[in-house]
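The sequence and the structure are shown first.

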Amino acid sequence: MPVKPYRLHYNENPLGPSPLVMDRIKAHLAGLSLYPPRDDEALRNRLATFYGRGVTPAHLYSTYSGSEALDLIARVFLEPGDEVIVCGPTFHVYARTAEWQGAKVVDVPLDDEDFSVRIDAVRQAVTARTRVVYLGNPNNPTGSIVTRADMEQLYTDLPDGVTLVSDEVYHHFVTHPDYPGSLADVAAGRNVIVLHSFSKVYGLAGLRVGVVISRPDIIERLVRLRRTFHLGSLEMEAAVVAIGDQDHVAQSVALAKRGKKTFYAAFDRLGLAYWPSEGNFVLFRTPVPADELTAHMADQGILVGSGSRFGLTHCIRVSVGLPEANQAFISALERILIDNRQAVTTDGR
């Protein structure tokens, strides 16, 4: 049974890993005194078979988390004085890893109504120094996507020397009919790097396994930065088994879908604006400052994500949890809003 604190701030899978993964990890513990394989061949082969659509092991490279993948991309593609484009509010690691390489970060903000990418503005922001455009797809914290048509426009408009990075770690949760087919784009040789992760729907955030999918020539450049031992044996064993349990994936996706509907209904009832999400989380607007509401929630054993670190000072990102956690969040939110309204009424007398 879930226990407090309810962790609704990191977009984790509340179901945890597949039971098959847990069994494999337990069986593998006796081998922890042995060094793991020096490469990720077994995982790449398994992923290539699973993905299909023309993706081969040469299109794949696993990393110690998606954040490491972003660091490697920045080290390969960026030099001091280069420029990258991000579309905020978005995942802060895009900018951080670029800045570590001395690159200038150009923020082309998302549309302030629906958080869609402003394609014309992105194109206008490109200069002779632009090397990378980062896209969260679905985007964190907004849950919005870049559509197929918008991706096609970027492929057409961006110069050959500008690489698209499509961070699709939440792609399992997407139901939008216009979501891009990025794996086919990779197999077709387009200038895109796609990021996947085992931290979200697979419930393996604690093992930190990311996946880079791109043209073989780009993968080869990333592989040159590989450590002597690539991933730990538990990480690779768990990832390989996780791919094989798509029933667990389906259960996790269904749980997220139901949880979002529960949140939407509560926000409608409470008169709170929110943005329908293609991830396993929802961003909503609150009359209470985000940091203040987050603190009140924490006092009640419920952890949610303040939008202030994204520049959204009156927005909260809440992850879908198990039904008990979702209901605890809604009840706490209602109490906080009632207390806030009473305080406003009192102060206004």
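A pocket is defined on a 1 Å grid over the protein atoms alone: it is an open set of points where a 1.4 Å probe fits, with protein on both sides within 12 Å along at least five of seven lines, and its lining residues have an atom within 4 Å of a point. Grid points are joined across faces, edges and corners, and a volume is the space filled by probe spheres set on the points. The model is predicted, and local features need pLDDT of at least 70, side-chain atom pairs count only at pLDDT 80 or more, and totals for chains, interfaces and linings use all residues. Residues are numbered from 1 along each chain as its sequence is written, and side-chain values use heavy atoms, with hydrogens and water left out.

**The largest pocket**

The largest pocket holds about 520 Å³ of space. Its lining consists of 27 residues, and those nearest the centre are Ser67, Phe91, Tyr170, Lys200 and Arg208. Two or more lining residues come from each of α3 (66-77), α4 (93-100) and β7 (192-197). Helices (H or I, at least four residues) and strands (E, at least two) are DSSP runs, numbered from the N terminus. The largest share of the lining, 3 residues, belongs to α3. Sorted by class, the lining has 10 nonpolar, 11 polar and 6 charged residues. In this scheme Ala, Val, Leu, Ile, Met, Phe, Trp, Tyr, Cys and Pro are nonpolar, Asp, Glu, Lys and Arg are charged, and the others, Gly among them, are polar.

**Backbone angles**

Most residues other than glycine have a negative phi, and most peptide bonds are trans. Arg208, one of the residues nearest the pocket centre, has a positive phi near 60 degrees. Arg208 sits in the loop between β7 and β8. With 28% relative accessibility, Arg208 counts as partly exposed; buried means under 20% relative accessible area, exposed over 50%, and partly exposed in between (1.4 Å probe, protein chains only).

Ser65 is not a glycine either, and its phi is positive at about 90 degrees. Ser65 belongs to the loop between β2 (60-63) and α3. Ser65 is buried, at a relative accessible area of 5%.

**Arg215**

Arg215 is placed in the loop between β8 (210-213) and α8 (216-223). The side chains of Arg215 and Asp217 are joined by a polar contact of 2.8 Å. A polar contact is a pair of N or O atoms within 3.5 Å; within protein, one must be able to donate a hydrogen and the other to accept it, and residues adjacent in sequence count only if both atoms are side-chain atoms. Leaving aside residues up to four places away in sequence, Arg215 touches His59, Val186, Gly189, Arg190 and Asn191, where contact means heavy atoms within 4.5 Å.

**Aromatic pairs**

Rings of Phe, Tyr and Trp (its six-membered ring) pair if their centres lie within 6.5 Å; planes under 30 degrees apart count as stacked, over 60 as edge-to-face and the rest as tilted. This rule gives 14 aromatic pairs. The pair of Phe263 and Phe329 is edge-to-face because the ring centres are 5.3 Å apart and the planes lie at 75 degrees. Phe263 is in helix α10 (residues 246-270) and Phe329 in helix α12 (residues 323-347), so this pair ties together parts that are 66 residues apart in sequence. Phe263 and Phe329 are both buried.

The rings of Phe267 and Tyr274 have centres 5.7 Å apart and planes at 45 degrees, so that pair is tilted. Phe267 is buried at 0% relative accessibility, whereas Tyr274 is partly exposed with a relative accessible area of 21%. One aromatic cluster is formed by Phe263, Tyr264, Phe267, Tyr274, Phe284 and Phe329.

**Separations along the chain**

Ile338 is also found in helix α12 and is partly exposed at 38% relative accessibility. Ile338 and Leu270 are 68 residues apart in sequence, with 10.0 Å between their C-alpha atoms. Leu29, in the loop between α1 (19-28) and α2 (41-51), is partly exposed at 43% relative accessibility. Leu29 and Asp185 are 156 residues apart along the chain, and their C-alpha atoms are separated by 39 Å.
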